[in-house]
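Visitor: I would like to go through this structure with you and ask, term by term, what stands behind each label.

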Amino acid sequence: MMLTSVDRKQAFRYLGLHDSPDAVMLATADRCERLLLAAVKPRFAYQVCPLTFTPEGILCEGSTLLLQGQDIRTHLNGCTQGILLCATLSAGADTAIRRAGAEDVLAGMMTDAMASALTEQLCDCAEKEILAQFPELYATWRFSPGYGDLPLAVQGDFLHAVNAGRRVGVSLSDGGMLVPTKSVTAIIGLSEHPIPKGKRGCAVCKAAASCPYRAKGEHCK
Amino acid sequence: MTEFLMLDGGMGTILQAKGLPLGGIPELWNLEQPDIITSVHRAYVEAGADVVYTNTFGCNRLKMARTGHSVQELIAAAVTNARRSGTKQVALDIGPIGQMLEPTGTLRFEEAYEIFKEQILAGQDADLYVLETMSDLAEVRAGVLAAREHGGGKPIFVTMSFEETGRTFTGCCIPSMALTLEGLGVDAIGVNCSLGPEELVPIVEELCRWTTLPVIVKPNAGLPDPVTNTYHFTPERFAACMKPFVEMGAVIFGGCCGTTPEHIRAAAQFIRSSHPVERHPVIPSAVCTPNRTVIIDQPRIIGERINPTGKKRFQQALREHDTDYILGQALQQIDAGADILDVNVGLPDIDETEMMQTAVKAIQSVTDTPLQLDTTNAAALEAGLRLYCGKPIVNSVNGEESSLNTVLPLVKKYGAAVVGLTLDKDGIPKTAEGRFAIAERILKRALSLGIRHEDVYIDCLTLTASAEQEGVMETLHAVERVKKELGLRTVLGVSNISFGLPSRELVTRNFLTMALYAGLDLPIINPNTESMTAAVRTYKLLAAIDKNAEDFIAFYGTEQKPAPVQNTTSLTLGDAVMAGLKNESGSLTKALLAETEPMQIVNGELIPALDRVGAEYEKGAIFLPQLISAASAAQAAFEVIKVYLSEHSEGTVDRGTIVLATVKGDIHDIGKNIVKILLENYGYQVIDLGKDVPCETVVQATVQSHAPLVGLSALMTTTLPSMEETVKLLRKQCPWCKTVVGGAVLTPEYAQRIGADFYAKDAKETVDIAKRVFGA
């Protein structure tokens, strides 16, 4: 997957830059973007699986992945299949962030924010490409472990279900973090019927109470 | 005469067909369904496999933790099951650990080594060891070293998984894999999994050019269907795909995902009807890191700046364990054009072994430039060689027996290249003949230990022209002879030539050009001096190495006038800091130092500017990036002051010591780094322990430094318990110190609950807290 530019607007927002960036900031952004794009090898893998709603949670058939919690149940309501997606910018992103940070703290922050924006872009592209194969179905938005009350602890089973280690080189650290760090897991529900516009973002976000974006009347995405 | 060796095919997919539940653990069947496991092995033996892989791909202590069975138990059963199939040979199969090593992941090299060691020890009844589906060269190195040191001398095979780009997921390229693993003494290398046989053709072709070892090809049955993840090649098609590999000279074959005994039968039939093709690859002199190989087929610059000799600021950095300073030196040289970096971190009053490990790890975490480990301390050398990922250069061995006996075995064991200095117990011979004779002796000894001819580089030693003018041409004659008559690569520390003379740069540059013409391959220079790198670039142009002057034109063709310098006459240091202008802040500080006391600059200019920036930030008039930008500019000013102070032996700016760390399990350190730079700006000595820091390490550093304040950062909810544990341990063992905690998921309530003294919502607040703790 090729990504040719970083969504700077998003990256600047992650950085908390609200007014127009000055010359120092723009020069840093130019350099960081160039180095980041050269360093990353964006890739994704996915697995489509039938969903079974059980009292314990939603079982992704063909794997040991059980999605627990009320929020994912609401999210996947009416869906018969799920697309398990794992996307990563590759370890190159981590190296680029470390290297930029070793030169200059600002460059490190900038590269990190740009990599986060780029990860979202990658997920958008991946989603588009995957959904093109299911033109007759309706899809939910991407829901990730850690959103709402879907526990982060499912990451291990999630990666296993996608065979993410072998297919895209994403693993879980002892501390339960995705490695490389600029990686995302998410499930997209597929339904034969139109999906009502569900609660999204802030409504299910655990950080809503202390969110700096919300404090300013904005959203993080 | 080389012979073919046939390996087996897939295991997991077949077990699923035989009823292994999806998501089930295949290794458990070694105990629960031993007959089925043996029957799969037997099917491969009957299909023509000479070697079967035990059903132990994920059989390590991390992955088996939840099975309730030990690695020893499972592996012993697996080897027995394999043996019962009647196979000629049993290979102990070892897959990736499943966690990534540092620096991208959190697993330490030594931990990876212990995990593999346990597997190797449990599988000693096997006939050989196989590391397969590997992506990370550091992980492979840990496995190979464990197998070499605990495997009883049995053969070691390694196969890695490549993408179509010719790189693994972690970016490891084929030449680096080959150079590193052949250097470490494995017995066969190759590829498995990831791609189908057709896509592997160019990859195996490249591998065959880079190794003299037998090459293994164990592909999947084609590429997986993107939706179902199943494989579709028929046995016939799979077998037909082996043809190009046989023609390239690969000799060990098998199958990976989606292959069955029928695939192996067809492939075995095809291969046994062919003849092995002898290969005679010529592997050049080259060094590497996982992602980058530097071939010494033309002059390559070795940067000399990571060396404390005669540099007070560098010595200070080593004593303070300031790895950021070392990294700064590394990156600056790479930007200036260094191809390889010399790393010398020896000082009489520091633990050089520990420092060498720290430096190698730190530099390799941010660059892919190969390193030259420069030390006379054998323990430090081995520690560096053990950790270094890739093929480094060892600097150096000399003609003395004790040196040859200590250094060369390490070079051989870790597969490094080595610089041989043409001196011995009688000193440096005056004549070219004398030095040539020592070079010959070093080469002979290296070859007798099995070190490749291409891996011996000779340093004919530059003498100072002011003291030994006659010696200059002797050095160059020796270079010429070593290059021509011994066919070896040559190294010279160039800068020494001009010592004690005026216009040193002029002398050094001209000597460099003369030496290049005499056959110098590896000039050790200061690449930050533009005229030095320019001399090398120009030489490459004139010697027709830089074809069509492409590099030269790319570098100098678009030479731009330097950007108009800001009118610094009206700019104060405070303005420059507030505007985030790093260069200007540095140069204005230099100018100020001519007439102002350093502490006056800190207290009168820098701190007030930072206070103003901080106040603006708190008002919301500027945002975090601008705050950091100003902090970076202030840091540039501080660096100038630090150099000044160390050169004038006036101590350091020190308002008190603070220990900082990102807690165990967390690998996000940007937040912590922001806090660090701000604290340093205000003159605090920061002991930065990095990320993923065990609580014991925090306590140890706090005890040693008796720091009154410890700052802890955590970004993820999953690592908050580590923070709590660290705070508790500090309370118990360092009752004098206060703790300040921060990080994206932290709240003041949580900070209070875990017993931290302060919660800081951002870096600026941490500075305010530090002021309160230390007294502003």
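This is a predicted model: local features need pLDDT of at least 70, side-chain atom pairs count only at pLDDT 80 or more; totals for chains, interfaces and linings use all residues.

Visitor: Why is Cys256(B) called buried?

Guide: The word applies under 20% relative accessible area, and Cys256(B) stands at 6%, so this residue counts as buried. Cys32(A), with a relative accessible area of 3%, is buried by the same cut-off.

Visitor: Why are strand 1 and strand 2 of chain B said to stand at the edges?

Guide: They belong to an open sheet of 8 strands with parallel pairing, in the order 1-8-7-6-5-4-3-2. Strand 1 (5-6) and strand 2 (51-53) of chain B each have a single partner strand, so one side of each is left without a neighbour in the sheet. Elsewhere in this sheet, strand 4 (residues 128-134) and strand 5 (residues 156-160) of chain B run parallel and are joined by 4 bridges, with Leu131(B) opposite Val158(B).

Visitor: Which strands does helix 5 of chain B touch?

Guide: Helix 5 (residues 109-122) of chain B packs on the sheet by touching strand 3 (89-94) and strand 4 of chain B, and its direction makes about 160 degrees with that of strand 3 of chain B. Helix 6 (residues 137-150) of chain B lies across strand 4 and strand 5 of chain B, at about 170 degrees to strand 5 of chain B.

Visitor: In chain A, what makes strand 3 and strand 5 edge strands?

Guide: The open sheet of chain A has 6 strands in the order 3-2-1-4-8-5, with antiparallel pairing. Strand 3 (66-67) and strand 5 (138-139) of chain A each have a single partner strand, so one side of each lacks a neighbour in the sheet. Strand 5 of chain A pairs with strand 8 (residues 183-191) of chain A over 2 bridges in the antiparallel sense, and Tyr138(A) stands opposite Ser191(A) there.

Visitor: Which residues have the most contacts inside the largest nonpolar core?

Guide: They are Val158(B), Leu181(B) and Phe253(B), in a core of 173 residues. Helix 6 of chain B gives the largest share of this core, 8 residues, and at least three residues come from each of domain 1 (5-19 + 26-272) and domain 2 (298-555) of chain B. Leaving aside residues up to four places away in sequence, Leu181(B) touches Leu137(B), Val140(B), Val144(B), Val158(B), Val186(B) and Ile189(B). A second, separate core of 88 residues includes Tyr46(A), Val105(A), Leu573(B) and Ala630(B).

Definitions and conventions
Residues are numbered from 1 along each chain as its sequence is written. Chains are lettered from A and ligands numbered from 1 in the order in which they are written. Side-chain values use heavy atoms; hydrogens and water are left out. Two strands pair if DSSP finds at least two bridges between them. Contact means heavy atoms within 4.5 Å. Axes are lines fitted to C-alpha atoms, for helices over the stretch in contact, and angles run from 0 to 180 degrees between N-to-C directions. Buried means under 20% relative accessible area, exposed over 50%, partly exposed in between (1.4 Å probe, protein chains only). A nonpolar core is a set of buried Ala, Val, Leu, Ile, Met, Phe, Trp, Tyr and Cys residues joined through side-chain atoms within 4.5 Å. Domain bounds come from an automatic or database domain assignment.
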